[in-house]
Amino acid sequence: MWISCSDGTRLACTLTTPPQGHSAAISDSSAQLVILNSATGVQRSYYRAFAEHLTARGCQVLTWDGRGIGESCTGHARHSDARMRDWGALDFEAVLNHAAALVSDDWQRITVIGHSSGGHLSGLAPSMRHVQHLILVASGTCDWRQYPKKQWPRLFAAWYGLAPVVLHTLGYWPGSLGVGHDLPRGVAWDWRNWSVQPGYLFADESLNLNAYQQFSGRLLALHFSDDQDFAPPKTVRDLVERFPNADVLIHEYNPRLQAHSHVGHFGFFQKKNADLWPLLHTSLSLS
């Protein structure tokens with residue numbers, strides 16, 4: 001399935017529906033439609049098992065690849081003009097409006113789950129103000145000042161040394177440098193430039209940030225005590241504070257107390273950690 005953005009860019013999407021014979025359907029007035037926003041450089045296929053878990057419980061799940069990623073990538077990342085801001089302001093906005101059409105503009109039926117950047121970019125879409133249910137998973141801002149001080153040398157080296165050299169030399173950010181998928185130059189530059197500013201993307205005066213203020217629904221921020229490299233607690237709280245009118249619940253999960261050796265930044269959506277998925281059932285009104 002493809003969704004067209006306002007600038008003509010087409011996004012590859014998958015609508016996963018309940019198994020044949022299940023009573024839930026898009027046409028049912030009670031059926032939930034969950035939009036799952038991927039982390040930076042993560043293809044929508046990564047979330048397939050989790051999507052199937054939700055559909056087995058009656059939800060519809062819409063996953064998508066942002067421009068320049070996965071099946072939405074039309075060529076080498078070096079030649080893509082995609083920017084990280086576009087994933088929120090253009091791509092997610094198009095996905096939201098497509099989802100709204102599927103449920104006949106009944107926004108109460110739409111829940112957004114944002115993993116990492118898929119959460120912190122969500123308010124760049126103007127239509128996010130209509131959504132009443134937002135779940136952030138391992139999602140925080142990337143302002144280096146919010147990270148533990150022991151992380152500062154690594155972040156300084158990445159943002160002030162490695163990123164400028166790599167982007168000027170190669171013209172893109174190779175997936176082999178820790179993001180899984182080659183990132184277009186504009187995506188990586190947005191990420192880098194926001195990360196060195198106090199306030200991250202919220203300091204960028206060129207962005208429309210109104211939807212962060214206007215969102216007044218329920219917000220669950222689920223993060224993990226062993227995720228110190230990407231979304232440590234202060235970054236999560238910093239992001240949540242950008243939704244000042246939301247009804248907020250923050251839940252930190254400690255794997256060591258629950259017989260899990262490691263969850264980290266990416267582990268929650270892996271099938272081997274499926275026993276963690278019920279942590280979201282209450283927020284999704286699932287039994």
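**Notebook: cavities in a predicted model**

I began with the second largest cavity, and found it lined by Trp159, Ala163, Leu167, Trp173, Ala188 and Trp191. Two elements each give two or more residues to this lining: helix H4 (152-170) and helix H5 (185-195). I noted that H4 supplies the largest share, three residues. I keep in mind that this is a predicted model.

Next I looked up the volume. About 40 Å³ of space lies in this second largest cavity. Then I sorted its lining by class. I got six nonpolar residues, no polar ones and no charged ones.

How many cavities of 30 Å³ or more does the structure hold? I found two.

I turned to the largest cavity. About 140 Å³ of space lies in it. I listed its lining and got 16 residues. Nearest the centre of the largest cavity are Ser38, Ala39, Trp64, Gly66 and Trp87. Helix H2 (84-102) and helix H3 (117-120) are the elements that give two or more residues to this lining. Which one gives the largest share? I found that H2 does, with three residues.

I sorted this lining by class too. For the largest cavity I wrote down seven nonpolar residues, nine polar and no charged.

Last, I put the two class entries side by side. The lining of the largest cavity has no charged residues, and the lining of the second largest cavity has none either.

Methods
Residues are numbered from 1 along each chain as its sequence is written. This is a predicted model: local features need pLDDT of at least 70, side-chain atom pairs count only at pLDDT 80 or more; totals for chains, interfaces and linings use all residues. Side-chain values use heavy atoms; hydrogens and water are left out. On a 1 Å grid over the protein atoms alone, a cavity is a set of points where a 1.4 Å probe fits but cannot get out, and a pocket is an open set with protein on both sides within 12 Å along at least five of seven lines; lining residues have an atom within 4 Å of a point. Grid points are joined across faces, edges and corners, and a volume is the space filled by probe spheres set on the points. Helices (H or I, at least four residues) and strands (E, at least two) are DSSP runs, numbered from the N terminus. Ala, Val, Leu, Ile, Met, Phe, Trp, Tyr, Cys and Pro count as nonpolar, Asp, Glu, Lys and Arg as charged, and the others, Gly among them, as polar.
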